[in-house]
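Subject: Structure handover

Hello,

Here is the structure I promised you. Please open it and keep it on screen while you read the notes below.

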Amino acid sequence: MVNRSANCPRLPRMYWGELIYATPGSGKTFVANKYRDVVDGDDLIVDAITEVSPNFDIGYFNDPRMVIFKYFRYINFSRRLMWKVYDSALDKMKAACSIDDVVLFGTLDLMDEADRIFIEEDTDRVREGFQDKRYREKEEANDSQAPTHPIYEYLDNSLQKVCKQSYY
């Protein structure tokens, strides 16, 4: 779930305690696995699913996105139930941020909760199936009060570059 190993690096301090939205396919899971104290928001959504629907069998999984999609299909994409899950996941995300964890997520419905937004501009990196939602993603980012950063590479390098630009 969350890497707590002292042998792993942390993201720069400017991100500690932030809820960060990044375009699906930009490398959030890679960053969460590489750095200490970084939470993959999809894991928290799976936790929320088990809380909201304890009888739903998540089974064994390697990729939390598969569980999320399976559950949303199971509930026939009921927006009411999806929002119950999102609200529970958001509580978990905020709790993680309160102890200075960084939470990375790519759920468009929750973008307005982000402290920072990274929008992938290289369409080759955007997750298949998300292409049609790019217009909405940019619209939501424009309406947000959070700092928004266009990125042209994977998230890991972009996080470092934004940090360097902020300090120089």
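First, a definition. A helix here is a DSSP run of H or I with at least four residues, and helices are numbered from the N terminus. Keep in mind that this is a predicted model.

**The pocket**

Which helix gives the most to the lining of the largest pocket? That is α3, with six residues. The lining has 37 residues in total. P24, D42, R65, G106 and R127 lie nearest the centre of the pocket. Other elements take part too: α1 (28-34), α2, α4 (79-98) and β3 (102-105) each supply at least two residues. The volume of this pocket is about 1000 Å³. By class, its lining has 16 nonpolar, nine polar and 12 charged residues.

**α2 against α3**

Two packed helices are described by the angle between their axes and the distance between the axes. Take α2 (residues 41-52) and α3 (residues 64-74). Their axes cross at roughly 40 degrees and come within 9 Å. The two helices are therefore oblique to each other. The crossing of α2 past α3 is left-handed. On the α2 side, the contact uses D42, D43, I45, V46, I49 and V52. On the α3 side, P64, R65, V67, I68 and Y71 meet them. This contact has eight nonpolar residues, three charged ones and no polar ones.

**α2 against α4**

Now turn to α4. What is the angle between α2 and α4 as they pack? The angle is about 125 degrees, and the axes are 8 Å apart. This pair is therefore oblique as well. Here α2 makes a right-handed crossing. From α2, the residues in contact are G41, L44, I45, D47, A48, I49, E51 and V52. From α4, they are K84, V85, S88, A89, K92 and M93. Sorted by class, the contact of α2 with α4 has eight nonpolar, two polar and four charged residues.

**Where to look**

Best wishes

Key: Residues numbered from 1 in each chain as written. Predicted model: local features only at pLDDT ≥ 70, side-chain atom pairs only at ≥ 80, totals over all residues. Heavy atoms only, no water. Axes fitted to C-alpha atoms, helices over the stretch in contact; angles between N-to-C directions. Parallel < 35°, antiparallel > 145°, perpendicular 65-115°, else oblique. Left-handed = near helix turned anticlockwise from the far one by under 90°. Contact = heavy atoms within 4.5 Å. Nonpolar A, V, L, I, M, F, W, Y, C, P; charged D, E, K, R; others polar. 1 Å grid on protein atoms, 1.4 Å probe; cavity = no way out; pocket = protein on both sides within 12 Å on 5 of 7 lines; lining within 4 Å. Points joined across faces, edges and corners; volume = space filled by probe spheres on them.
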